[in-house]
Amino acid sequence: MGRRVRRGHRQVRRSLAGEHQRVVASSACADVTAGAAGRPQWLGVRSGVEPDEPATVGGVFRRWAAGYVRRHLRSRPGPGARSPVSVVVPLFNQGRYVRQAIESVRAQETAAEIVVVDDPGRAPDRTTGAGTPLDDRLRAECVGGAAAARSGVIGAEPRSTCSTRASVSSAMKGTEAMTARTRPPFRADHVGSLLRPPKLLAARADFAAGRIPSEELRAIEDDAIRTVVREQENTGLRTATDGEFRRTSWHMDFIYRLGGVHRADEQLTVKFRNAQGGLEFTSAALRVDGPITLPSPIFADDFLFLKDQVTTGTPKLTIPSPSMVHYRGGRAAIDPSVYPDLDQFWTDLSAAYAEQVRAIADLGCTYLQLDDTSLAYLNDPAQREMVAAQGGDPDHQHERYIAQINAALAGRPDGLSVTTHMCRGNFRSSWAAEGGYDFVAEALFTQLDVDGFFLEYDDERSGDFSPLRFVPPGKQVVLGLVTTKSGALESKDDLKRRIDEASKFVSLDQICLSPQCGFSSTVEGNALTAAEQWAKLRLIVEVAEEVWG
């Protein structure tokens, strides 16, 4: 190591020994230099170590760390004394083995802190591959990174890890955390719908059968929403929705309340599939049989009630995007005597939505989400074939949808944050489409005028993260890595690894975390329990805190 690094190690040792009686194991074996074919070798353990075998490196590091800890503990007075140990891992711009090093030290039950540091003077190219800034990579790799970074080594909690973009000596002073999210979307967020409680489902059935009046149903809905808002706040979420408890589905309850849109006599059937096979979603189709207007703000009373219940978070209203009025039926659902020219249809539709946006903002809404399955569906060749069969333009329909959403949002107030959520269908743990975001990505991310994109990324149906390279600065990407389609709880390490993968294409500071979709896009809900739902939301909050602070 260079003199500057050695000096930094001594300073950290002295500081920790004086403040917390901790010992820093400055990892000489974690120092790397360019070896054969430009690959790093680990100094001090070169004999018998193949640089192309990270697992071997990790094993050597583990043995070294264990030996250091044992020697340290033997030197401490008293039987069974177990003093916390802080391990400094200098990487010198070589981040390829950071995970193995960290996991090796974490495997030792006596290690209290892991401080990952990098010397900015060693190389002008501060990347670990694919153009990813080392600082972002380390924050994603390290458990508790931002939390430790806020207070530095001296104040770090046990079992935490921090990374620093400065030399070793700067680790004593702490490092700069990720940018705090003061506006939506938040680091830990969720899409909107939540599982309906049994009492609410029973009340809806009683109302449908004529056994209770609408006032009684409304009161039961109110009680359920009060409870679910408290649950969201107690979970640590900064976003609170009403769970869409007053709706039958995420979109049709809204669309049918637009002027000029009515239920059609025929039924609309959408084919869904899951690992066990297929099923169908059937509902009344829609018909545009008059000029589209907004007779009154939709969900206004629902939002006002939600806002009154929220005490610590930000109330979020979710509505379907303008695209959804057109996507299901296409031109055939629009009466040609009302709209012989589709351009006027689009103008009226965007004007009605713009009025809705302004009205809901006037009620105090600061977080609005436009749910849009069409922008995800159109990545699926089978869906584009369906559009072509309807007489649409499968190659450019997504561009029309983006333009109309932008027209609806053009006059929104500065205090209103708007996101869009895209998924490939979410009905009783099943989906309707598949395919990565590649087909729409460039137009979507560079042209759609929203503050954030909720993106479904819970399995291979969503493709890889490479389309995120089109996301411009100033936009947030909310990675839907946690599935709502099953109750199995994801691993924290797996989520962090996927966040790290995404950060190769978009800055870590532009990333947030959420479920891939709602838990109950329709009243039936997905195949998991309420306990599993809340466990997933708690997991999201915990991972976000550990990654971003």
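This report describes the nonpolar cores and the aromatic contacts of a predicted model.

The largest nonpolar core has 111 residues. Leu258, Phe345, Leu368, Leu444, Leu455, Leu468 and Leu479 have the most contacts inside this core. Helix 17, spanning residues 530-548, gives the most to the core, with nine residues. Another core, of six residues, lies apart from it and includes Phe186, Val191, Tyr367 and Cys512. In soluble globular proteins, nonpolar side chains tend to be buried together.

Leu455 illustrates the contacts in one place: not counting residues up to four places away in sequence, Leu455 touches Met422, Tyr437, Phe445, Leu468, Val477, Val478, Leu479 and Gly480.

The whole structure holds 11 aromatic pairs. Two of them are listed below.

| Pair | Geometry | Centre to centre | Angle between planes |
|---|---|---|---|
| Phe254 and Tyr353 | tilted | 5.5 Å | 40° |
| Tyr437 and Tyr457 | tilted | 5.3 Å | 55° |

Phe254 belongs to helix 8 (residues 252-255) and Tyr353 to helix 11 (residues 342-362), 99 residues apart. Both Phe254 and Tyr353 are buried.

Tyr437 is in the loop between strand 13 (417-422) and helix 15 (438-447), while Tyr457 is in the loop between strand 14 (452-456) and strand 15 (476-482); the two are 20 residues apart. Tyr437 counts as buried because its relative accessibility is 0%. Tyr457 is likewise buried, with a relative accessible area of 0%. The charged end of Arg424 sits over the ring of Tyr437, 4.3 Å from its centre.

Elsewhere, Arg246 lies over the face of Phe305, at 5.2 Å from the ring centre. Ring pairs also join Tyr327, Tyr339, Phe345, Trp346, Tyr377 and Tyr401 into a cluster.

Definitions and conventions:
Residues are numbered from 1 along each chain as its sequence is written. This is a predicted model: local features need pLDDT of at least 70, side-chain atom pairs count only at pLDDT 80 or more; totals for chains, interfaces and linings use all residues. Side-chain values use heavy atoms; hydrogens and water are left out. A nonpolar core is a set of buried Ala, Val, Leu, Ile, Met, Phe, Trp, Tyr and Cys residues joined through side-chain atoms within 4.5 Å. Buried means under 20% relative accessible area, exposed over 50%, partly exposed in between (1.4 Å probe, protein chains only). Helices (H or I, at least four residues) and strands (E, at least two) are DSSP runs, numbered from the N terminus. Contact means heavy atoms within 4.5 Å. Rings of Phe, Tyr and Trp (its six-membered ring) pair if their centres lie within 6.5 Å; planes under 30 degrees apart count as stacked, over 60 as edge-to-face and the rest as tilted. A charge sits over a ring if NZ of Lys or CZ of Arg is within 6 Å of the ring centre and within 35 degrees of the ring normal.
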